[in-house]
Amino acid sequence: MARYGYARVSTHSQKDDSQLDALRAARCDRIWTDKASGKRVRRAQWDNLLASLREGDQLVITRLSRMARSVKHLTEIAALLAERCIDLVVLEQGINTTTPPGRFLFHVIGAIDEMSADLISEATRHGLEAARARGRTGGRKPKLSQRQIEVARQMYNDKGEDGKREYTVAEIAETFNVSRKTIYRHLD
């Protein structure tokens, strides 16, 4: 019997240190980590972990939300693990599917986690709608004004006497103190 851990964070800017510390403290033989949304069913390290699990092994995670974001997905995973005789241990939520109360708690907490994610998503959506109604838009401010974009396009289209472009994209980008990628984005 092996004890395998799984940690996941949604974005590359997030850190999985606390999950890894908890999984190491739980004495996992090996730990897989992903940087991907929990809503994605396909995750590279998750798939590798599932392929490595054998009958009698334990899968250890810190919270159910690290494994999946919907009750349907959790139920599918629970069925897969049960079918393959693999136990699930969820450290922070005290779930251990080797017992009937542990299996029950797995489903209840899964439903609560899904509801919590839905409520956060709904509140975010309402906040964005309210901001848009007041004329505010989200995201970064544009790096170039409309006038700068027009000048950049003109510079890009300018030809020398030899018929070649007078300015390279790198020179245009340097003129406006932006990246070449920014210039290309506005040339399309």
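What is the volume of the second largest pocket? In this predicted model, the second largest pocket has a volume of about 180 Å³.

Eleven names make up the lining: Ala 78, Leu 81, Ala 82, Cys 85, Ile 86, Asp 87, Leu 88, Thr 97, Arg 103, Phe 106 and His 107. Two or more of these residues come from each of α3 (71-83), β4 (87-90) and α4.

Helix α4 covers residues 100-133, and Arg 125 is found in it. Between Arg 125 and Glu 83 there are 42 residues of sequence separation, and their C-alpha atoms lie 38 Å apart in space.

| Residue | Relative accessible area | Class |
|---|---|---|
| Arg 125 | 43% | partly exposed |
| Thr 182 | 4% | buried |

Thr 182 counts as buried because its relative accessibility is 4%, and buried means under 20%.

Thr 182 belongs to helix α7, which runs over residues 180-187. Its side chain makes a polar contact with the side chain of Ser 179, at 3.1 Å. Leaving aside residues up to four places away in sequence, Thr 182 touches Lys 143 and Leu 144.

Note on methods. Residues numbered from 1 in each chain as written. Predicted model: local features only at pLDDT ≥ 70, side-chain atom pairs only at ≥ 80, totals over all residues. Heavy atoms only, no water. Helix = DSSP H or I, 4+ residues; strand = E, 2+ residues; numbered from the N terminus. Buried < 20%, exposed > 50% of the residue type's maximum accessible area, 1.4 Å probe, protein only. Polar contact = N/O pair within 3.5 Å; in protein donor to acceptor, adjacent residues only side chain to side chain. Contact = heavy atoms within 4.5 Å. 1 Å grid on protein atoms, 1.4 Å probe; cavity = no way out; pocket = protein on both sides within 12 Å on 5 of 7 lines; lining within 4 Å. Points joined across faces, edges and corners; volume = space filled by probe spheres on them.
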